[in-house]
Amino acid sequence: MEETYKYNSDEASKGNPGQSAGGFCIRDCKGEFIFAATYDLGIRTRLEAETSAMEKGLNYCVTHNLLSVFLETDSLVLIKILNGVWEVPWSIKIQIQKIEFLRNNRQVAVLHTLKKGNKLADYFTNFILSFAGTENKAFQSIQDVPKDGKSLLIMDANQISNIRITKMQNKLYDL
């Protein structure tokens, strides 16, 4: 059986448009960490940043022969554009062409996941905006990943849902 990989990409931005970062994380079929990276993308819209993150991650997969790959993103807009349901906006036309070129004649499935299913990519993407400043960061091994990221990797590998519980207030009841 051919080796398969799972790749998640995401964007983070402070405004739309605003200072943006993109990132991705790649794991093998067992959920074992392979590589993750996050990039400062400058001032971009969210869709531009999301497309850049996907392009960079897919380029990494193709360059390192990590195919066949299941590419997951929480951007339903980008999924609809890549599946030809929606027209390609001019601002991302060149990046979409690059993604299509990288997908051409390769086993690349582009799938939508909910935001909660993209927590790992979200963690790496926010790393640059929240902690690292504006330097690009590559995580070559699991030892390079900070403790919080390792916890998410373990949960993802074991298919444990990442659920955030918030306290609700009700005037009639003290919950």
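**Why the sheet and helices get their labels**

Me: In this predicted model, which residue is the bridge partner of Glu72 in β5?

Reply: Glu72 has Leu111 as its bridge partner in β5.

Me: How do you know that β4 and β5 count as paired strands?

Reply: Two strands pair if there are at least two bridges between them. Strand β4 (residues 69-73) and β5 share five bridges, in the parallel sense, so they meet that cut-off.

Me: What makes β5 and β6 edge strands?

Reply: Let's look at the whole sheet. Its six strands run in the order β5-β4-β1-β2-β3-β6, forming an open sheet with mixed pairing. Both β5 (108-112) and β6 (137-139) pair on one side only. From one strand to the next, the twist averages 20°.

Me: Why is α1 called roughly parallel to α3?

Reply: Good one! Helix α1 and helix α3 (residues 93-103) pack at an angle of about 25°, and their axes are 10 Å apart. Angles under 35 degrees count as roughly parallel, so α1 is roughly parallel to α3. Their crossing is left-handed.

Me: Which residues make the contact between α1 and α3?

Reply: Among them are Met54 and Leu58 of α1, along with Ile96 and Ile99 of α3. By class, this contact has six nonpolar, four polar and four charged residues.

Key. Residues are numbered from 1 along each chain as its sequence is written. This is a predicted model: local features need pLDDT of at least 70, side-chain atom pairs count only at pLDDT 80 or more; totals for chains, interfaces and linings use all residues. Side-chain values use heavy atoms; hydrogens and water are left out. Helices (H or I, at least four residues) and strands (E, at least two) are DSSP runs, numbered from the N terminus. Axes are lines fitted to C-alpha atoms, for helices over the stretch in contact, and angles run from 0 to 180 degrees between N-to-C directions. Angles under 35 degrees count as roughly parallel, over 145 as roughly antiparallel, 65 to 115 as roughly perpendicular and the rest as oblique. A crossing is left-handed if the near helix is turned anticlockwise from the far one by less than a right angle, and right-handed if clockwise. Contact means heavy atoms within 4.5 Å. Ala, Val, Leu, Ile, Met, Phe, Trp, Tyr, Cys and Pro count as nonpolar, Asp, Glu, Lys and Arg as charged, and the others, Gly among them, as polar.
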